[in-house]
Amino acid sequence: MAIQQRAERTRQTILTAAAQVFDTHGYDRTSLARIASEARLTTGALVFHFATKAELAAAVQERARAVTAVTVESACISAGGSGGTAVEKLVTVTRALIRLFETDCVARAGERLARELQTAGTPSYQECPWRREVARLVRRAGDEGALHPGIDATAVVALISYVVQGVEQAMRAPDNPADEPWLSERAAGLPGDRLERIWELILPGLVPPTPPELLPPSRTGQAAPSRSPSAVRGIMLP
């Protein structure tokens, strides 16, 4: 039993080290020797657990998919469970993903490996928990009548995927607010703030405002002014 526990600890150490190296250098520039050095093991000890770089990359991706799936599920529950709207959940899921990518090198490595090793002709959402959930929530938003009439759900899924992927990739680049003048200096350096600014821009194109007659009356007895989609949905964008 002690030998098995020690072997499992070593395996987890290797996976964490591999995630850190894949996240920093990508698949092609990563070697087993570099991962072994990061894990403070000999290459021979590493290949006892993972014979090839491809096998190790697959294990990192599997672990990344697992932690991402848990994050997405928890985000949906926090957005009201079965009672939350699909749009609320979409925004909440993307926020949770960016926080995950900021703090978890395994999740980041899995995302990078998914891009670099994607099989030609295989839709990325088939193996990606968060992309599958985004596609499901967009379809549900359409069924709820929460999107502008005639909007292309496939295009919405692609747009949100590009946003999340773009913010994740920007984490790897040096902060340079001058490169993005439409962002404040603070937002340019913070992935979460960057995401909020993007949602402010795209939500009005996706979600129609609530008609005045459906809004609660103001203190004067008149219908309150029509609000932005973010305010109407309770998404709390700044």
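A disulfide is a pair of cysteine sulfur atoms within 2.5 Å.

Figure 1. The structure shown is a predicted model, and zero disulfides are present in it. The secondary structure amounts to eleven helices and zero strands, so that the order of elements from the N terminus reads α-α-α-α-α-α-α-α-α-α-α. Of the 238 residues of the protein, 41% count as buried. Among contacts with a separation of 6 or more, 65% are accounted for by residues 24 or more positions apart.

**Figure 2. Packing of helix α4 against helix α6.** Helix α4 spans residues 53-78, and its axis comes within 8 Å of the axis of α6. The two axes cross at roughly 120 degrees, which makes α4 oblique to α6. The crossing of this pair is left-handed. On the side of α4, the contact is formed by A57, V60, Q61, R63, A64, V67 and T68. The α6 side contributes V106, A107, A109, G110, L113, A114 and L117. By class, the residues of the contact of α4 with α6 comprise ten nonpolar, three polar and one charged.

**Figure 3. Crossing of helices α6 and α8.** Helix α6 (residues 105-117) and helix α8 (residues 153-170) have axes that come within 11 Å of each other. Their crossing angle is roughly 115 degrees, and the two helices are therefore roughly perpendicular to each other. The passage of α6 across α8 is left-handed. R108, E111 and R115 supply the α6 side of the contact, while Q165, E168 and Q169 supply the α8 side. The contact of α6 with α8 contains no nonpolar residues, two polar residues and four charged residues.

**Figure 4. Packing of helix α5 against helix α10.** The axes of helix α5 (residues 86-103) and helix α10 (residues 191-206) lie 10 Å apart, and the helices pack at an angle of about 155 degrees. That angle makes α5 roughly antiparallel to α10, because angles over 145 degrees count as roughly antiparallel. The crossing of α5 and α10 is right-handed. From α5, the residues in contact are V87, L90, V91, T94, R95, I98 and E102. From α10, they are P191, G192, L195, E196, W199 and L203. Eight nonpolar, two polar and three charged residues make up the contact of α5 with α10.

Figure 5. I160 is part of helix α8. Its relative accessibility is 2%, and I160 therefore counts as buried. With neighbours within four places in sequence left aside, I160 is in contact with L90, T94, V134, V138 and W199. Of these partners, L90 and T94 belong to the α5 side of the contact between α5 and α10, and W199 belongs to the α10 side. The C-alpha atoms of I160 and R131 are 8.9 Å apart in space, and the two residues are 29 residues apart in sequence.

Figure 6. P129 is located in helix α7, which covers residues 129-143. P129 counts as buried because its relative accessibility is 12%. When residues up to four places away in sequence are not counted, P129 touches R65 and A69. P129 and T68 are 61 residues apart along the chain, yet their C-alpha atoms are separated by 6.6 Å. T68 is also one of the α4 residues in the contact with α6.

**Figure 7. Backbone of R40 in the loop between α2 and α3.** R40 is situated in the loop that joins α2 (32-39) and α3 (43-49). R40 is not a glycine, although its phi is positive, at about 60 degrees. The relative accessibility of R40 is 78%, and this residue therefore counts as exposed, as the cut-off for exposed is over 50%.

Terms used
Residues numbered from 1 in each chain as written. Predicted model: local features only at pLDDT ≥ 70, side-chain atom pairs only at ≥ 80, totals over all residues. Heavy atoms only, no water. Axes fitted to C-alpha atoms, helices over the stretch in contact; angles between N-to-C directions. Helix = DSSP H or I, 4+ residues; strand = E, 2+ residues; numbered from the N terminus. Parallel < 35°, antiparallel > 145°, perpendicular 65-115°, else oblique. Left-handed = near helix turned anticlockwise from the far one by under 90°. Contact = heavy atoms within 4.5 Å. Nonpolar A, V, L, I, M, F, W, Y, C, P; charged D, E, K, R; others polar. Buried < 20%, exposed > 50% of the residue type's maximum accessible area, 1.4 Å probe, protein only.
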